[in-house]
Amino acid sequence: MKRRMISIALALAALLILAAGCAAPGREEPLVTLEDLPAYSGAAYVAINGNEPYFTPAEITDEAFETYSALDALGRCGVTCASVGPELMPTEERGDIGSVKPTGWHTVKYDCVDGKYLYNRCHLIGYQLTGENANEQNLITGTRYLNMEGMLPFENMVADYVEETGNHVMYRVTPIYEGDDLVARGVLMEGYSVEDEGDGILYCVFAYNVQPGVEIDYATGESWLAGEDAAADGEGATYVLNTSSMKFHDPACPSVEDIKDSNRETFAGSREDLIARGYSPCGRCKP
Amino acid sequence: MERGSRMIAIVCLDDRDGMGFNGRRQSRDVRLREKVLEIAAGRRLWMAPCSADQFGPEGEGRICVSASFLEEAGSGDCVFVEDRALAPFAERLEQLVVFRWNRVYPGDRYLDLDLAKGPWRKTEEQDFPGKSHERITMEVYTR
C-alpha cells in the first residue's frame with residue numbers, strides 16, 4: 001500500500017510541539033500536549049499528525065529492543081518504546097498482573113461497563129507484543145474502553161503483522177497526563193513497520209482514557225455515573241466494599257485499611273443500591 | 001470489459017466490517033491468500049497493485065493487476081478488493097466472498113455493502129486456521 005518515509009522535517013516539527021511531561025526516551029522535548037489534542041467526541045481514538053508517527057530516522061531500527069521509563073515522582077508511567085519483532089513476542093500464557101497498583105487505581109464496577117470493572121491495568125506495550133507481565137513501568141490505570149476499543153485494535157494489528165511477516169515494528173506508547181493527575185487522559189500510540197518502511201504499518205493516534213457513561217476525576221481516579229454529582233448525598237457517593245463480610249464503608253473509615261486487597265472494591269452509587277445488593281453499613285463509620 | 005457482466009468479489013473484514021486503516025490493509029495471512037487463489041482457480045483474478053504486492057511468487061501469472069481493476073474485470077472474473085468502495089459496482093456482483101479475521105483492528109475504511117439487507121443471502125460458511133490468525137471464517141454471499 002502507500003509507501004511513506006518518515007521525514008526528518010516531521011520529526012523536527014514534532015520536537016517543536018510542547019507537551020505535558022511525556023518526553024520520548026533520549027529526548028528533551030515531549031511529543032504532544034493535551035492542548036493539541038481534540039476533545040473526545042465519540043471515537044475511541046483519533047489520528048494525530050496526519051497519522052504519521054514522530055520517529056526520527058535515528059530511532060528506527062530492525063534490532064529488537066524494548067524500553068520502559070522509570071516511574072516519575074508521583075509513581076506514574078512514562079514513555080514506552082520498542083522495536084517489536086518475533087524475538088520479543090511471548091511464548092507463554094500471560095501471567096498475573098494483579099499485584100501492580102498503577103497510580104489512580106480503584107477497583108470499581110458499573111453496570112454500563114463491559115465486564116463491569118471500570119478500570120483495567122492497561123499494558124502500554126501489549127503483552128502479545130513484548131510478553132511483559134507485572135511490569136509496573138508498563139501498566140497504567142485505563143478504562144475498559146481505552147483498553148478494548150482504543151488500544152487493543154492497534155496491538156492486534158501489529159502483533160499479526162509481525163507474526164505474519166517476521167518484520168519489526170517501531171512501537172511507542174506515551175501516556176499523557178494533565179499536571180499532577182494520577183490517571184492519564186489517554187495515550188499517544190505510534191507504529192511504523194521497519195523493513196518495508198511503513199508500507200505495512202503506519203499510524204499515529206491518540207486513544208482516549210474515557211468510559212462512556214462514567215465521569216472520571218483524573219487527579220485521583222475517583223469516578224461516578226455521568227449525570228450524577230461526584231459526592232451527592234447518597235446519590236453517586238463512593239464507598240469501599242468488603243466483599244467477604246458484605247459491609248460497606250466510608251472511604252475514610254479506619255477499617256478500610258484492614259480489608260484484604262482481594263476482598264476490597266470501590267463502589268460508586270447509592271447507599272440504597274448497596275443495601276439492595278445485600279451489603280450492610282459498617283457500624284464504625286456508619287456510612 | 002463486458003458491461004453488465006457479473007463478477008465475484010472477495011474482501012477481508014474485521015469484527016466491525018473494517019477493511020483498512022490509514023491507507024493500509026488491516027491484516028494479511030498467507031493461508032488466506034492460498035484460499036483466494038483456490039477460489040479464483042480457472043477464473044481471472046483482478047486486484048490493485050498494492051494488493052498484488054503481498055502475493056509474491058504464488059500469484060505469478062495468475063493475477064491481473066490494474067489500478068482500475070473493478071472497471072476492467074469481466075463476466076465470471078474474481079476481484080480481490082482491499083482499498084476501495086464496492087457499492088458503485090454492487091449491481092455487477094453475483095457473489096461476495098467475505099473472509100473474517102475474527103479480530104478487532106483499527107478502521108477508517110469499511111465495507112459499504114449491507115449484507116443483512118437487500119439481495120444478499122449467506123450460502124456457505126467455513127472456518128480455517130491462518131498462519132497468524134487462529135481462526136479465519138469464510139462466508140459466501142450470493143444474490
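Student: Which residue of β8(A) does Y171(A) stand opposite?

Tutor: Y171(A) stands opposite G191(A) in β8(A). Before we go on, note that this is a predicted model, in which local features need pLDDT of at least 70 and side-chain atom pairs count only at pLDDT 80 or more, while totals for chains, interfaces and linings use all residues. Residues are numbered from 1 along each chain as its sequence is written, and chains are lettered from A and ligands numbered from 1 in the order in which they are written.

Student: How many bridges join β7(A) and β8(A), and in which sense do they pair?

Tutor: Two strands pair if DSSP finds at least two bridges between them; strands are DSSP runs of E with at least two residues, and helices are runs of H or I with at least four, both numbered from the N terminus. Here β7(A) and strand β8 (residues 186-193) of chain A pair over 8 bridges in the antiparallel sense. Strand β3 (residues 80-84) of chain A is also antiparallel to β7(A), joined by 5 bridges. Within that pairing, T80(A) has V173(A) as its bridge partner.

Student: Is β7(A) enclosed or exposed?

Tutor: A residue is buried if 20 or more other C-beta atoms lie within 10 Å of its own, exposed if 12 or fewer, and partly exposed in between, with C-beta atoms placed from the backbone. In strand β7 (residues 169-176) of chain A, 8 of the 8 residues are buried, so the strand is largely enclosed by the rest of the structure.

Student: Which residues lie on each face of β7(A)?

Tutor: In a regular strand the side chains alternate between the two faces of the sheet. On one side of β7(A) are V169(A), Y171(A), V173(A) and P175(A); on the other are M170(A), R172(A), T174(A) and I176(A), and both faces are covered.

Student: What span does helix α3 of chain A reach?

Tutor: The expected span of a helix is 1.5 Å times one less than its number of residues. Helix α3 (residues 144-165) of chain A has 22 residues and reaches 30 Å from its first C-alpha to its last, close to the expected 32 Å. Of its 22 residues, 19 are buried. After α3(A) comes G166(A), with a positive phi near 75 degrees.

Student: Where does α3(A) have a kink?

Tutor: The bend at a residue is the angle between axes fitted to the seven residues ending there and the seven starting there. In α3(A) a kink of about 45 degrees lies at M151(A), shortly before the proline P153(A).

Student: What order do the strands of the open sheet in chain B take?

Tutor: The order is β3-β2-β8 in chain B, with antiparallel pairing among these 3 strands. β3 (24-25) and β8 (109-110) of chain B stand at the edges, each with a single partner strand, so one side of each is left without a neighbour in the sheet. Strand β2 (residues 18-21) of chain B is joined to β3(B) by 2 bridges, and G20(B) stands opposite R25(B).

Student: How many residues does each chain bring to the contact?

Tutor: Two residues are in contact if their C-beta atoms, placed from the backbone, lie within 7 Å. Chain B brings 17 residues and chain A brings 14 residues.
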